[in-house]
Amino acid sequence: MRLQVLEDYEEMSVKAASIVASQVTLKPDSNLGLATGSTPLGMYNNLIKMYKKNLINFKEVVTFNLDEYVGLPADHPQSYHYYMFDNFFDKVNIPPEKIYIPSGVGDDLKQICKKYDQSINSHGGIDLQVLGIGKNGHIGFNEPDNKLRTNTHVVKLTEETINDNSRFFDSIDDVPKKAISMGMSSIMKSKKILLLASGEQKAEAIKKAINGEITTEHPASLLQLHSDVIILVDKNAAKLLATTNT
Ligand code: GLP
């Protein structure tokens, strides 16, 4: 794991965008794994700026999103579909047919999950997977548990995650109780992983991910088993780490 502690959120976001841009420059047809949440917003903004200055071209890129809420249609303002188009896809040149996000709406969610994995595999897997981290150590929506699922699956969200994510909804009752998430195996099979965290509220989760025991009770700790992980954190998220840079 390579850790870089950046001064603040903006620096972290600029650095994250530069890593994605390098990936796309070196391999224009990269398969990017993308994340939602508040953390990668700055990264997306910086990528949009680079695109507008002609510093990056997404025309051959394929994207796979990590997760989606069950029950929210693509046009629901809190769906991850909506988030991705609103914050990124509508502002850059990724061809719509190269954008993959699991649908949280459908009669046969199991089939949706299966097809999603098939799409990832048929494209040869993910080259660079961007991740945020939940306060409880979840990645995507792989929640702490005594067992984790390998493939894309439907997951029951924990109370803590429902609480954390309620800030985006009018009321906590509106937060979906289930989601579809890429499994640990698709994430761990990515050639490169870029994990982002900002703010003191993530310090404990980051400490456990980097220095804690490797356990399904803290899914991000499994990243210790991956050979190419870059972790970018701001000073606040690094607060509980013994060393600042490794
Ligand atoms: C959600 C998403 C995760 C994200 C996490 C942290 O639950 N499913 O992919 O990493 O929240 O979100 P935030 O960046 O807003 O703290």
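**Ligand contacts and helix packing**

In this predicted model, the side chain of T39 places an N or O atom 2.4 Å from an oxygen atom of the ligand. T39, D67 and R167 are among the residues that come nearest to the ligand, together with S38 and K202, out of 13 residues around the ligand.

Packing between helices was examined next. Two packed helices are described by the angle between their axes and the distance between the axes. Helix α1 spans residues 9-26 and helix α2 spans residues 41-52; their axes come within 8 Å and cross at roughly 55 degrees. The two helices, α1 and α2, are therefore oblique to each other. The crossing of α1 past α2 is right-handed. On the α1 side, the contact is formed by Y9, E10, S13, V14, A16, A17, V20 and A21, which meet L41, G42, M43, N46, L47 and M50 of α2. By class, the residues of this contact comprise ten nonpolar, three polar and one charged.

Helix α2 also packs against helix α3, which covers residues 80-87; the angle here is about 35 degrees and the axes are 10 Å apart. The residues that meet are L41, Y44 and I48 from α2 and Y83, M84 and N87 from α3. Five of the residues in the contact of α2 with α3 are nonpolar and one is polar, with no charged residues.

Technical notes. Residues are numbered from 1 along each chain as its sequence is written. This is a predicted model: local features need pLDDT of at least 70, side-chain atom pairs count only at pLDDT 80 or more; totals for chains, interfaces and linings use all residues. Side-chain values use heavy atoms; hydrogens and water are left out. Axes are lines fitted to C-alpha atoms, for helices over the stretch in contact, and angles run from 0 to 180 degrees between N-to-C directions. Helices (H or I, at least four residues) and strands (E, at least two) are DSSP runs, numbered from the N terminus. Angles under 35 degrees count as roughly parallel, over 145 as roughly antiparallel, 65 to 115 as roughly perpendicular and the rest as oblique. A crossing is left-handed if the near helix is turned anticlockwise from the far one by less than a right angle, and right-handed if clockwise. Contact means heavy atoms within 4.5 Å. Ala, Val, Leu, Ile, Met, Phe, Trp, Tyr, Cys and Pro count as nonpolar, Asp, Glu, Lys and Arg as charged, and the others, Gly among them, as polar. A residue is near a molecule or strand if one of its heavy atoms lies within 4 Å of it. A polar contact is a pair of N or O atoms within 3.5 Å; within protein, one must be able to donate a hydrogen and the other to accept it, and residues adjacent in sequence count only if both atoms are side-chain atoms.
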